[in-house]
Amino acid sequence: HRLDIAVQPEGLGRRAKRLVVLDVDSTLIQDEVIELLAAEAGCLDEVKDLTRGAMAGELDFESALRRRVALLEGLDLAAMDRARDSMRLTPGARTFVRTLKRLGYTVGIVSGGFTHFTDRLADELGLDHAVANHLEIEDGRLTGQVIGPVVDRRRKAELLAEFAAAEEIPLSQAVAVGDGANDLDMLSVAGLGIAFNAKPVVQEAADTTVNVPYLDAILFVLGVTRDEVVRADTVADD
């Protein structure tokens, strides 16, 4: 019947969630940012194949990322800005983040994408935490290299724990939302792991799944009613 059923233990714990950490590509936004860059660089088909394998868990994420980034060598800052400007938020993303913030939640993002994109999202949505990969730039162009540790599935789980520790929130009160194999460790570490329009391997492993195109539908999984969403907006406006 194409219904999503979220079975959770009843009690105060369900309403005690205080930290929400989201994946970015194909979760908070509709796009894969590296594919936006690849379209500018003229290597979209090759990058798409590598992305598909990495998100399905068929390819090691770090090696697939480095291979994709290498294809972007020579791309200039103007092209990067065009790619960033073409990002599309997932429907309901603004309502989702705005409601959580007004209800007192801490909201963060962890991305296997790049800071050039996540910094914009953090500023635009008022996020509390944002971590992504750093692209090396020399003389205004990409070198085809990533600087520092890659944000892979293990690092995403570590970052969720770091956010929780910084906010003095137990992991049992943390929620993780993602769609790809790179999110599996993060989903398992959180008190509640939600697969959002996710790959089959992720839907099988997550605590619950949401398969609708609206990110704010996750509010209902968290026990937030439509009336509470409206009231949160009203209180903030007052």
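## Where H3 meets H4

Let's start with a helix pair: Ile34, Glu35, Ala38 and Ala39 in H3 meet Leu44, Val47, Lys48 and Thr51 in H4. Sorted by class, this contact of H3 with H4 has 5 nonpolar, 1 polar and 2 charged residues. Please keep in mind that this is a predicted model.

How do the two helices lie relative to each other? The axes of H3 (residues 33-41) and H4 (residues 44-55) come within 8 Å and cross at roughly 160°. Angles over 145 degrees count as roughly antiparallel, so H3 and H4 are roughly antiparallel to each other. The crossing in which H3 passes H4 is right-handed.

## The sheet

Next comes an open sheet of 7 strands with mixed pairing, and its order is E4-E3-E2-E1-E5-E6-E7. Which strands are at the edges? They are E4 (141-147) and E7 (208-210), each of which pairs on one side only. From one strand to the next, the twist averages 25°.

Leu135 has Val146 in E4 as its bridge partner.

## A helix across the strands

Helix H9 (residues 153-166) brings us back to the sheet strands. H9 lies across E1 (19-22), E2 (106-114), E3 and E5 (174-178). Relative to E2, H9 runs at about 155°.

Conventions
Residues numbered from 1 in each chain as written. Predicted model: local features only at pLDDT ≥ 70, side-chain atom pairs only at ≥ 80, totals over all residues. Heavy atoms only, no water. Axes fitted to C-alpha atoms, helices over the stretch in contact; angles between N-to-C directions. Helix = DSSP H or I, 4+ residues; strand = E, 2+ residues; numbered from the N terminus. Parallel < 35°, antiparallel > 145°, perpendicular 65-115°, else oblique. Left-handed = near helix turned anticlockwise from the far one by under 90°. Contact = heavy atoms within 4.5 Å. Nonpolar A, V, L, I, M, F, W, Y, C, P; charged D, E, K, R; others polar. Pairing = 2+ DSSP bridges.
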